[in-house]
Amino acid sequence: MLLELASTEIYSFLLIFVRVGAALLIMPTFSEPFINTRIRLGIALLLTLVVTPVISPGLPPLKDDAISILLLLLGESFIGFFLGTVARIMMSALQTAGMSIAMMIGLANALTQDLTAEQQGSVLSSLLMTIGLLVIFALNLHHLLILAVVNSYQIFIPGEPILVEDFAFTVARVATESFKLGIQLAAPFIGLGLVFYSAMGIINRLMPSMQIFFVAIPLQVGMGLALMALSLPVLYGWFIEAFEAQMMQFLVP
């Protein structure tokens with residue numbers, strides 16, 4: 001009897017850990033490469049330990065068939081990756097905005113290694129992504145990410161068939177919203193760039209002897225950085241509102 005009870009508890013813990021661990025493996029704030037792997041693993045184990053007594057009564061019973069257990073684990077990991085991917089795609093809106101802004105203010109060639117995206121990107125993209133992580137922690141939105149994972153057990157019941165088509169549609173919709181949000185965040189800079197380039201084109205036609213690039217580039221960068229300093233609070237207000245709205249869809253009212 002004791003051995004059977006221990007097997008059931010271990011089974012429940014591992015089943016929950018698969019979904020929680022898969023979600024935290026991709027989710028922003030928890031999956032950043034500059035966070036030690038042992039710390040990330042410890043957070044996933046601790047969170048699983050906390051929520052197991054609440055979630056375990058709704059889990060399917062332990063089966064003797066190894067294939068059924070394997071399929072169940074694969075389904076749980078798929079759901080966890082799905083939740084993490086949605087949050088990560090919304091976070092990439094800042095990267096889109098950063099690249100668009102850099103192109104408009106003349107900093108597109110200023111590249112650096114983006115630690116959050118693990119690839120080379122513009123300086124502004126890296127800056128916006130880093131500030132975005134700080135804002136998420138400052139506003140305790142990482143609690144919302146954890147709550148979304150825990151509440152997902154009421155939406156995606158373990159053991160039930162996975163609606164792959166609905167998942168694909170959701171990811172496509174979130175990717176569209178993320179790209180649209182990135183362009184909206186960069187809209188003031190795109191407008192500034194259009195007006196600035198038009199003005200420089202007119203000046204170049206009126207004064208062909210003027211060294212237009214010598215004058216335009218410092219002015220373009222200076223105006224762009226000044227506009228960023230003024231619009232940064234509003235920019236993150238829009239981003240946080242959209243990010244929170246996307247994650248709230250996984251919370252059961």
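## Basis

In this predicted model, local features need pLDDT of at least 70 and side-chain atom pairs count only at pLDDT 80 or more, while totals for chains, interfaces and linings use all residues. Residues are numbered from 1 along each chain as its sequence is written, and side-chain values use heavy atoms, with hydrogens and water left out.

Apart from its neighbours within four places in sequence, Met247 is in contact (heavy atoms within 4.5 Å) with Met27, Val86, Ala87, Leu144, Leu145 and Ala148.

## Aromatic pairs

Across the whole structure there are 7 aromatic pairs, defined by ring centres of Phe, Tyr and Trp (its six-membered ring) within 6.5 Å, with planes under 30 degrees apart counted as stacked, over 60 as edge-to-face and the rest as tilted. Phe13 and Phe17 form a stacked pair, 6.5 Å centre to centre with 5 degrees between the planes, and both lie in helix H1, 4 residues apart.

Phe239 and Phe243 form a tilted pair at 5.7 Å and 35 degrees. Phe239 is buried (under 20% relative accessible area, with exposed over 50% and partly exposed in between, using a 1.4 Å probe and protein chains only), at 0%, and Phe243 is also buried, at 0%.

Definitions and conventions
Helices (H or I, at least four residues) and strands (E, at least two) are DSSP runs, numbered from the N terminus.
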